[in-house]
Amino acid sequence: MPIPARSSFTPLATLDLAAPAVLHPAACNPAMDLVVLLSPDAGGGGGGWAGRLGVALWRMSGSAVWSAEVEGELRGLAWSRDGLHLALLLVGKETSVTHLSVHTGELVRVVPVGAPAGPVRIEWVDAGLSWTDPGPGSARVIIDSLPAVTPVDPPKPAITNPFLPPPPSKPTSLAHPLLSTFPALLPAPTPVAPHVLSVPPLRLLTGTFPVPPAPDAAVLALAQVSDTLCGLFEGVIRGIEAMEAAVKDGEKQTMLWREEVETCGEQQGMTRVEVHADLFRLLMTGRTGPAVTDWLGNRMSNRVVAKWEALLLAAYTTVVKVISESVAPALERVVLLLDELGVWSDRSAKLSLDTRATRAAMRVARGLLGLVERVRREAIDELKAATQFFEWLKFEIARGSSAADGPDAAPLPAYDLKLAWAFLVSAFAAPALGRHFPHPPAPHGEHLDPRTYAEPFAPAQRTLHALLRDTERRLAKRHTHAQAHGHGDAERDVSVDTGVSYDSRMDSHVDDDKENIGAVDEGSLGTPSHGDDDNGDHGNDYNDDDDDDDDGDDDGSQPDTVRTPGPQVERRVEDEPRVWVHTLVHLVEAVITDATCGEAEKPDKEFELLAGAGAVRVVDGITYIAIAAPTCLRLLRKLPHGYERAAFAYPDGSTCLAADFFDDDELALVLETPAGARSLVTCAYAGFEGDAVVGADELDTAVEPTAELQLARARPLTLAADVALALNGRKGRRVGCVLGDGGRRVEVFDMDEDEAEDGEGEDEDGQAGEEDGEDGDGADVEMG
């Protein structure tokens, strides 16, 4: 039976492409008149589907919307049900599901997944659930009632041309690299429906959060909590990076001018320690040597001091602001959420939360919160000290310039000597916050030693008698040590009378006066020690009485004209917020991932078959499979005990070039006759009668056709070369796209109505054709 020469379907547009493209069967957007076209190997490297993949979105009216490039080999493609996101399964350096925005084509989220064995059919399925509001008094309700955490501005791009204004920072919705594998929901301006993206053997809620095969309401609630945690961690990590950048920029200026004064000292044959001692002598007595005089008189000026002061004070201010408005509030909310997760172990059989791991993560969160609070206090103290230090510098510059005008013109000192001295020894001689923000920063894979946060927060309880006995023993030991080292009588008397040594009283005095700016190690002008430590929650005893002498090598054995190495800050990972947040994210990610990992979805035989040459559709719970061989069409209906099979021959001895399910009633095919004529046809499939019932191991067995395929609609095509077919049978968006002519031309058809039937209807009414300036018969003849 020949293929009927009908004019079914209505042509909408023809897309003429400048370069060959590939049309994926799932390329049509289900909610909008859009189609995505792919350009394999867009970057010119590799072969086949390797290298870079070009992705272009087109309106079905014939205009391009955007184009983008991604890396990897395409293994699957699926539009979200609302049409707002395009999911691409790519295999490159790693296998990942890449989500693109339908509006701009920008990357929204990249989710690493396991490498599939071959082509995978990915699709969105309805989980049958809906988001539920958290209950009264829950952590999420409390967090929603609190003011929002202030977001941290993205890092500023590098300035390549100093004569042009700096380029604006470009915000991105991509998660921080440290959070690339953290379970979270798909970010969107409005909440995304809880649909599941099936990527066998994985199932991803909203295409990003791994869930068991049959998730329940508890799994959805955990996904919402995890998404909230991911957003909070994003703010914490970005905040720590912003503080690192600010401290680096501010202390860079201090380092430059410290090296300047040390260079002046080298020219006078002085060592670094001698130069620093000369600065201290100037501060205390107003007299100094030629090196510092040269530095103040020839190298420094009010303009230089103003720039140095502005950068350094801005750095300390940034640290205080970011911690107060972003990092600390986010960590407080993290502690609140983790505390709630600790009691979710029996909430659902689908969840297996590790209570001990959750408590460990909470200890790390509390420890990090205490650490950043101490960093904030130190930054405030350094800010006060730096202000007085610059007041002193300005005073000395003014005093030097007015020396020739007589004693009456000398300026009056208006700085705090104690704070200026504190900055000189704690921030000028060595980086003030260097132990918290070292350079280079810790790599992403560096974590805390588990013993750091394994101990409980509460200190061991001791009786009052044991505490007094231990105190007496420690005081007696300190008094014996003081006598053995030959301290003066007055000092020994003070130690005996008060029960506290002279050194301890001095440390306490300095801490009280400086408000934790830091006590100075008597051996050098190196890293200050910060004695106040109220961060006992994380179980760390931060040793603030460092005995390291940065200047121990400056004993005169080296030539005076050789500069000694600068001050080095001994690195302790327990003092670095970046290492703490690495550990926290790692622990929480493990808790959530282990809680949702259940039995993986087992690949079915039909999916392995369809990955190569088949199509599948589920209608009213019944699974249909279509295998379009070149000479016959095999239809299968899944039954409880096997598959009902039927084989149909194509009419007019045609061969099938492409086939796919259009909707719940029709199957669309592209047929080519022996004479080379091509047509887009449809046929009904739901009510076919099978001739045999076979098992899963016989699905790909060749079979002879028993009947001829009955066509419902048909339309001739003018496309040549290889063709591809993409369909959208959703109500209100019933369109079909056929790619041909070597991948350079796409014909778009409205498959909801037939062109011939439309023309006949207009002719009968006698209105539509006249309004458009043409009659129904003419349109029928021209388009037929």
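Let's start at Leu 417, which sits in helix H7 (residues 417–428); helices here are DSSP runs of H or I with at least four residues, and strands are E runs of at least two, numbered from the N terminus. This is a predicted model, where local features need pLDDT of at least 70 and side-chain atom pairs count only at pLDDT 80 or more, while totals for chains, interfaces and linings use all residues. Residues are numbered from 1 along each chain as its sequence is written, and side-chain values use heavy atoms, leaving out hydrogens and water.

Leu 417 is partly exposed, at a relative accessible area of 36%; buried means under 20%, exposed over 50% and partly exposed in between, with a 1.4 Å probe and protein chains only.

Now turn to helix H2 (residues 217–267) and helix H3 (residues 272–285), whose axes come within 9 Å and cross at roughly 105°. Axes are lines fitted to C-alpha atoms, for helices over the stretch in contact, with angles from 0 to 180 degrees between N-to-C directions. On the H2 side, the contact (heavy atoms within 4.5 Å) is made by Arg 258, Val 261, Glu 262 and Gly 265, and on the H3 side by Arg 272, Val 275 and His 276.

Finally, visit Val 70 in strand S4 (residues 64–71). Val 70 counts as buried, at 6% relative accessibility. Beyond its neighbours within four places in sequence, Val 70 is in contact with residues including Leu 53, Leu 90 and Leu 107.
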